[in-house]
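Hi everyone, thanks for coming along. Please have a look at the sequence and the structure on the screen, and then we will walk through them together.

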Amino acid sequence: LVQLIITGLEEVKDRPWITEFIASYSVAASGTVRLPITRTYNAIESVVLTVEYSTGTASAVMAKVLDLSTSGPSIAVYDGSGVRVAGIVHAHVQGY
């Protein structure tokens, strides 16, 4: 016979997800670049970036998320050699 004894309870409130999509955002080759989010987040859990091909930014092949700041995640774009370049990205931001 096994007896279960509950010694405490903790209330956990789930918050609804907030998502937004930022299309064709131009990223500078230098300096701090933050995504222009329009929603208010308590925390950002993920940012998915897709590099858009353009003849003006043809060397851009990869985008990285540098931080998940709630004031706008910092991002950068790189060429195939890992050198930071200007580029255009689509971003999907998710948090709560």
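I'll start with the overall picture and then visit a few residues one by one.

One thing to keep in mind from the start: this is a predicted model.

So, what is the protein built from? There are 0 helices and 7 strands. If you read along the sequence, you get the pattern β-β-β-β-β-β-β.

Now for the overall dimensions. Along its principal axes, the C-alpha trace spans about 70 × 30 × 20 Å. The radius of gyration is 19 Å, whereas a compact globule of 96 residues would have one near 12 Å. Buried residues make up 30% of the 96 residues. The accessible surface comes to about 6500 Å², and 52% of that belongs to carbon and sulfur atoms.

Let's go inside. In soluble globular proteins, nonpolar side chains tend to be buried together. Here, the largest nonpolar core has 17 residues. Which of them touch the most other members? Those are Leu35, Leu49, Ile75 and Val93. The elements that give two or more residues to this core are β1 (18–27), β3 (44–52), β5 (74–78) and β7 (87–95).

Let's zoom in on Leu49. Leaving out residues up to four places away in sequence, Leu49 touches Leu35, Ala63, Lys64, Val65, Ile75, Val89, His90 and Ala91. Two of the names from the core list, Leu35 and Ile75, come back here.

Ala63 was one of those partners of Leu49, so let's follow it, because at 22% relative accessibility Ala63 counts as partly exposed. You will find Ala63 in strand β4. Besides Leu49, and again leaving aside neighbours within four places, Ala63 is in contact with Val51, Ala76, Val77 and Val89. For a sense of distance, Ala63 and Tyr96 are 33 residues apart in sequence and 23 Å apart in space, C-alpha to C-alpha.

Staying in strand β4, we come to Leu66. Leu66 counts as partly exposed, at 46% relative accessibility. Beyond its neighbours within four places, Leu66 is in contact with Ser74, Ile75, Ala76 and Tyr78. The C-alpha atoms of Leu66 and Asn42 are separated by 18 Å, and these two are 24 residues apart along the chain.

Ser74 is found in strand β5. Is Ser74 buried or exposed? With a relative accessible area of 6%, Ser74 is buried. Not counting residues up to four places away, Ser74 touches Thr32, Val33, Arg34, Lys64, Val65, Leu66 and Asp67.

Two of those contacts, Arg34 and Asp67, have a story of their own. How many salt bridges does a search of the whole structure find? The search finds 1. Asp67 forms a salt bridge with Arg34, and the closest N and O atoms are 2.9 Å apart. Asp67 lies in strand β4 and Arg34 in strand β2 (residues 33–34), so this pair ties together parts that are 33 residues apart in sequence. Asp67 is partly exposed, with a relative accessible area of 26%, and Arg34 is partly exposed too, at 31%.

Next, a loop. Thr57 lies in the loop between β3 and β4 (62–67). Even so, Thr57 is buried, with a relative accessible area of 13%. Who touches Thr57? Setting aside residues up to four places away in sequence, the contacts are Glu52, Ala86, Gly87 and Ile88.

Now over to the surface. Leu4, Ile6 and Leu9 form a nonpolar patch there, with about 440 Å² of accessible area together. Leu9 is found in the segment before β1. Leu9 is exposed, with a relative accessible area of 83%.

Most residues other than glycine have a negative phi. Ser24 has a positive phi of about 50 degrees, although it is not a glycine. Ser24 lies in strand β1, and at 41% relative accessibility Ser24 counts as partly exposed.

Methods. Residues numbered from 1 in each chain as written. Predicted model: local features only at pLDDT ≥ 70, side-chain atom pairs only at ≥ 80, totals over all residues. Heavy atoms only, no water. Core = buried A, V, L, I, M, F, W, Y, C linked by side-chain atoms within 4.5 Å. Buried < 20%, exposed > 50% of the residue type's maximum accessible area, 1.4 Å probe, protein only. Helix = DSSP H or I, 4+ residues; strand = E, 2+ residues; numbered from the N terminus. Contact = heavy atoms within 4.5 Å. Patch = residues over 30% accessible without salt bridge, like charges linked within 9 Å, V, L, I, M, F, W, Y side chains within 5 Å. Areas by Shrake-Rupley, 256 points an atom, 1.4 Å probe, with all protein chains shown as cover. Salt bridge = Lys/Arg side-chain N within 4 Å of Asp/Glu carboxyl O. Rg over C-alpha atoms; globule rule 2.2 N^0.38 Å.
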